[in-house]
Amino acid sequence: MKLPLTAALVAGLAMGGLAFAQDKAKTEKKKSDGAKSVTVKLSQQNNSKESGSAKLTPEGDKTKVEMSIKGAPKGVSQPAHIHEGSCAKLDPKPKYALQNVVDGKSTTEVPVSISELQKGNLAINVHKSADDIKTYVACGDIKGGGGAKKSAAKKADK
């Protein structure tokens with residue numbers, strides 16, 4: 001009598017574990033919708049000596065943008081945005097605001113999916129400071145995986 005009861009108990013636990021694993025897989029798929037994280041290279045502009053990367057991570061219908069900038073000035077709050085256009089020809093009006101870069105770091109959740117960001121002609125741009133918003137210090141094109149092309153970076157440095 002003990003053997004059938006034990007077998008039934010083990011089978012029940014196994015089925016419960018399988019159901020839990022399937023639910024977890026569905027949740028993870030829903031969270032990312034098959035999209036993968038993308039790293040956008042941020043190249044220096046205007047001889048700023050500031051460069052780095054922005055990691056875009058899918059979070060359902062939103063995207064987490066984590067920026068890491070080397071050469072950023074200590075204690076200076078640098079505005080950052082996602083703009084339409086490319087680093088070579090940027091629309092000055094921001095499409096999505098990002099948290100200011102402070103001590104080279106910034107993390108923001110934008111209200112659009114990573115696939116939408118990659119479809120559009122968009123770029124991530126960092127400004128020198130709130131007082132000097134017109135001076136761009138780093139930029140990366142999202143669509144192509146990032147980085148101002150050499151010709152675009154040279155144009156921006158002039």
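This is a predicted model: local features need pLDDT of at least 70, side-chain atom pairs count only at pLDDT 80 or more; totals for chains, interfaces and linings use all residues.

Student: Okay, and which residue is the bridge partner of S43 in β8?
Tutor: That's C139. Remember that cysteine, as we'll get back to it.

Student: What about β1 and β2, how many bridges join them?
Tutor: Five bridges, and the two strands run antiparallel. β1 covers residues 38-44 and β2 covers residues 51-59. If you want a spot to look at, L42 stands opposite G52 in β2.

Student: And how many residues sit between the strands in that hairpin of β1 and β2?
Tutor: Six. One of the hairpin's details to check is N46, which takes a positive phi near 55 degrees.

Student: Back to C139, then. Which cysteine does C139 form a disulfide with?
Tutor: With C87, and their sulfur atoms are 2.2 Å apart. The count for this model comes to one disulfide.

Student: Remind me, what is a disulfide?
Tutor: It's a covalent bond between the sulfur atoms of two cysteines.

Student: Where are C87 and C139 in the chain?
Tutor: C87 is in the loop between β4 (77-85) and β5 (90-102), while C139 is in strand β8, residues 136-141. They are 52 residues apart, so the pair links distant parts of the chain.

Student: Are they buried or exposed?
Tutor: Both C87 and C139 are buried.

Student: Why is the disulfide of C87 and C139 called left-handed?
Tutor: Because the torsion about its S-S bond is about -90 degrees.

Student: New topic: S113. Where is that one?
Tutor: S113 lies in the loop between β6 (105-110) and α2 (114-119).

Student: Why does S113 count as buried?
Tutor: Its relative accessibility is 16%, and the cut-off for buried is under 20%.

Student: So what does S113 touch?
Tutor: Leaving aside residues up to four places away in sequence, S113 touches G60, D61, K62 and T63.

Student: Zooming out, how many helices and strands are there in the protein chain?
Tutor: Three helices and eight strands. From the N terminus on, the order is α-β-β-β-β-β-β-α-β-β-α.

Student: And what share of the protein chain's residues is buried?
Tutor: 35% of the 158 residues.

Terms used
Residues are numbered from 1 along each chain as its sequence is written. Side-chain values use heavy atoms; hydrogens and water are left out. Helices (H or I, at least four residues) and strands (E, at least two) are DSSP runs, numbered from the N terminus. Buried means under 20% relative accessible area, exposed over 50%, partly exposed in between (1.4 Å probe, protein chains only). Contact means heavy atoms within 4.5 Å. A disulfide is a pair of cysteine sulfur atoms within 2.5 Å. Two strands pair if DSSP finds at least two bridges between them.
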